[in-house]
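My entries follow the structure.

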Amino acid sequence: GVYLFPILKSMLEHQVKNRSWAATVFAAALLAATGVATNEVLLRASWHRPSLGSAADLWCSQRARIESVDSSRTVLLLGASRMQTNINLNTLSEIRPELDFIQLAISGRGTSFPVFQDIVTNTDFSGLVLISETESTLASDSLSQSDFVQHFHRVWSLDRALNRSIANEVQGRFVFPNPNSSSLRLWGNLLVEREAPEPMHVMTDARRQQYSDFQIPGVVERVNSLRASSVSPEPANAVLEDGKLATAKVGEKSWVDKVTAKWGPSIDKFTDRGGRVVVVRMPVSEPRRISESKEFPLEKFWMPAMRTLGVESIHCFEHDELCDFDFPDSSHLDYRDASAFTNLLLNRLNALVVKSIRV
């Protein structure tokens, strides 16, 4: 690329002087293609990979599918980053090819309650909803995920859907459209810092499945350093209010009461029309699991709430095979382990799925 640029520039200048416009266009196209190819090679050599952006529009593209699906053959996946990274949609489709799985989890935005409420209130969907929550998020008053819901109802349009489809094709094949891997950032880093920009370790595809690659050099240390700097001193079982930790621990009864009061009406409305809800508590690293189990004893928090809500659940802390994985950042799986985990989780869910989906 470095050697070709002067040659192509000279060709371009020569052709302009001779008014050979066809050759000029060809030379310009060749110059652009060479630049793109150079960018791609440099970025991929630095562990950058294709990944889809525009989080809200991408979510809306999947939310829109609910309007036309067969509820009896569709499973909706709700939650946050653990649902989006730990569950492999390809594995689900391979094991249950007759079912359609729609990924509606939203990484980094807390409880999925606003999304579930939207499905109950604004759709006729009556299939299976698989919800990933923690003890803290179940009782959270956060409405962060409602931003995506509002974007769908207020902004999403046919034009945006078409643009999103085109963007998916481009961003799914090339690295440079990713803002984290843009040409400006690449060459700015190379010229100023003499090194390529750090790659994001999470990639997103068109179905909104996310892949966490913890084998990228330095990523584990970087992620855990960021996590350590943001750890709150508050107790683990302080209930989240408006996305922030409360200042005192919550008692078992007040926690169960809050969870059931919050989720109960929407769950009742959904199940009354034939829908089924399964709540999953995803696994974490062993030290974190031990700590969280002490703060939220299963028999005092999770189980009473599930019984009162009348829903089935899988609490992964109860099942050794679901926890027997490496969690490099203490919370998420490397994408290489996601398929095996998904298979094991589906084994636990299979009886519930069979009862919930009318196949």
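This is a predicted model: local features need pLDDT of at least 70, side-chain atom pairs count only at pLDDT 80 or more; totals for chains, interfaces and linings use all residues.

Residues are numbered from 1 along each chain as its sequence is written, and side-chain values use heavy atoms, without hydrogens and water.

I looked up the secondary structure: 16 helices and nine strands (DSSP runs, H or I of at least four residues for helices, E of at least two for strands, numbered from the N terminus).

I checked burial. Of 359 residues, 48% are buried (under 20% relative accessible area, with exposed over 50% and partly exposed in between, 1.4 Å probe, protein chains only).

I searched for aromatic pairs and found ten in the whole structure. Rings of Phe, Tyr and Trp (its six-membered ring) pair if their centres lie within 6.5 Å; planes under 30 degrees apart are stacked, over 60 edge-to-face, the rest tilted.

I picked W255 and F296, a tilted pair at 6.4 Å centre to centre and 55 degrees between the planes. W255 sits in helix α12 (252-272) and F296 in the loop between α13 (286-295) and α14 (302-309), so the pair ties together parts 41 residues apart in sequence. Both W255 and F296 are buried.

I then took F325 and F341: edge-to-face, 5.9 Å, 85 degrees. F325 is in the loop between α15 (320-323) and α16 (335-356), and F341 in helix α16. F325 counts as buried because its relative accessibility is 18%; F341 is buried at 0%.
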